[in-house]
Amino acid sequence: MKPEDLINIIDEAPGLGKSPGYIREKLRSEGVEYSFGSEFTSKVIRRIYGGAIIVNRQMELVRSLNSVFYRVAFAGVAAIILLLISIFVMEGSLTFNSLVGISESYDETLIGLLTDH
Amino acid sequence: MAAARYKETDDAVLINASLEGDSQAFSEIVNRYKNMVARTVKGMIGDNMAAEDVGQEVFIKLYYSLKQFRGDSKLSTYIHRIAVNLTLNEIKKIKRAGTTSHDDNIDSLRVTHVSGDDQVERNETKELVEKALQLLEPKYRSVMVMRMLQGYDTRETADTLGLPVGTVLSRLSRAQEQMRNILKKL
């Protein structure tokens with residue numbers, strides 16, 4: 001097709017009574033058609049769902065880290081409570097001295113040691 | 001790639017299945033509309049690698065905006081709007097990267113006319129249409145692509161481009177005139 005042939009087709013068509021598909025059909029019959037490569041769909045799908053898999057893995061990691069954190073936190077709190085109970089049972093109180101393991105009598109012994117008695 | 005079970009399926013069903021994570025349903029949407037997108041994107045920026053990338057971006061953007069699709073317009077119109085917007089952005093990017101004067105473009109794009117082999121002549125016609133379209137201003141190019149390559153009527157063109165019918169008609173008339181002048185120089 002020469003440029004003047006294309007001019008004729010265009011002049012015949014837009015808004016001049018010909019059906020809207022007129023130029024398209026004419027050009028199609030002349031080999032003017034476009035398409036993407038054969039791998040187009042699979043590339044699109046790979047780009048979308050490939051990315052989604054990475055996002056999902058990140059989400060799973062965050063979720064598993066969260067559950068690990070809760071387990072460690074609960075175990076820690078339980079251990080602290082058990083420790084406090086055992087200190088209370090052994091020392092009879094939960095004062096600072098009993099918490100750090102220094103009893104009243106031990107104080108004197110310590111002074112005795114320091115003053116050579 | 002898309003399962004045969006989706007071949008005859010309605011767009012609305014495909015959308016819902018895609019939203020539920022069914023990749024085969026979305027593959028069918030891509031297969032159904034990829035040629036339409038190719039005509040618009042390649043018609044506006046030429047048959048090259050950039051057009052292939054823009055085409056992929058169109059469907060990726062569609063996938064992530066499917067939740068917002070309310071079904072007020074046809075899926076094809078929605079996809080087409082995305083395609084036109086992304087293509088116009090790409091044209092702006094290309095323009096920013098470097099422009100030459102209109103006449104320089106015409107010289108560099110002049111088509112050599114060879115007659116004889118049918119396939120050669122078909123390629124030549126495609127090249128001629130592509131080059132003529134690329135020399136149009138983008139706003140005229142989009143209406144011309146809708147009319148010449150998609151076969152859309154004025155109403156469909158207006159819906160797709162989000163323009164009033166009157167604007168489409170005046171742009172078509174201007175585009176026709178500009179294209180005639182371009183073709184005379186080729």
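I take contact to mean heavy atoms within 4.5 Å. The model is predicted, so I keep its rules at hand: local features need pLDDT of at least 70, side-chain atom pairs count only at pLDDT 80 or more, and totals for chains, interfaces and linings use all residues. Residues are numbered from 1 along each chain as its sequence is written, chains are lettered from A in the order in which they are written, and side-chain values use heavy atoms, without hydrogens and water.

**B:Arg39**

I looked up what B:Arg39 touches. Leaving out residues up to four places away in sequence, I found A:Arg24, A:Glu33, A:Tyr34, B:Val145, B:Leu149 and B:Gln150. B:Arg39 sits in helix H2 of chain B, residues 23-45. Helices here are DSSP runs of H or I, at least four residues, and strands are runs of E, at least two, numbered from the N terminus. B:Arg39 counts as buried because its relative accessibility is 9%; buried means under 20% relative accessible area, with a 1.4 Å probe and protein chains only.

**Chain B**

I then went through chain B. It has nine helices and zero strands. Of its 186 residues, 51% are buried. Among contacts between residues at least 6 apart in sequence, 60% join residues at least 24 apart.

**H4 and H8**

Next I checked one helix pair in chain B. H4 (residues 75-97) and H8 (residues 154-161) pack at about 65 degrees, with axes 8 Å apart. Axes are lines fitted to C-alpha atoms over the stretch in contact, and angles run from 0 to 180 degrees between N-to-C directions. B:Thr77, B:His80, B:Arg81 and B:Val84 in H4(B) meet B:Asp159, B:Thr160 and B:Leu161 in H8(B).

Conventions. Buried < 20%, exposed > 50% of the residue type's maximum accessible area, 1.4 Å probe, protein only.
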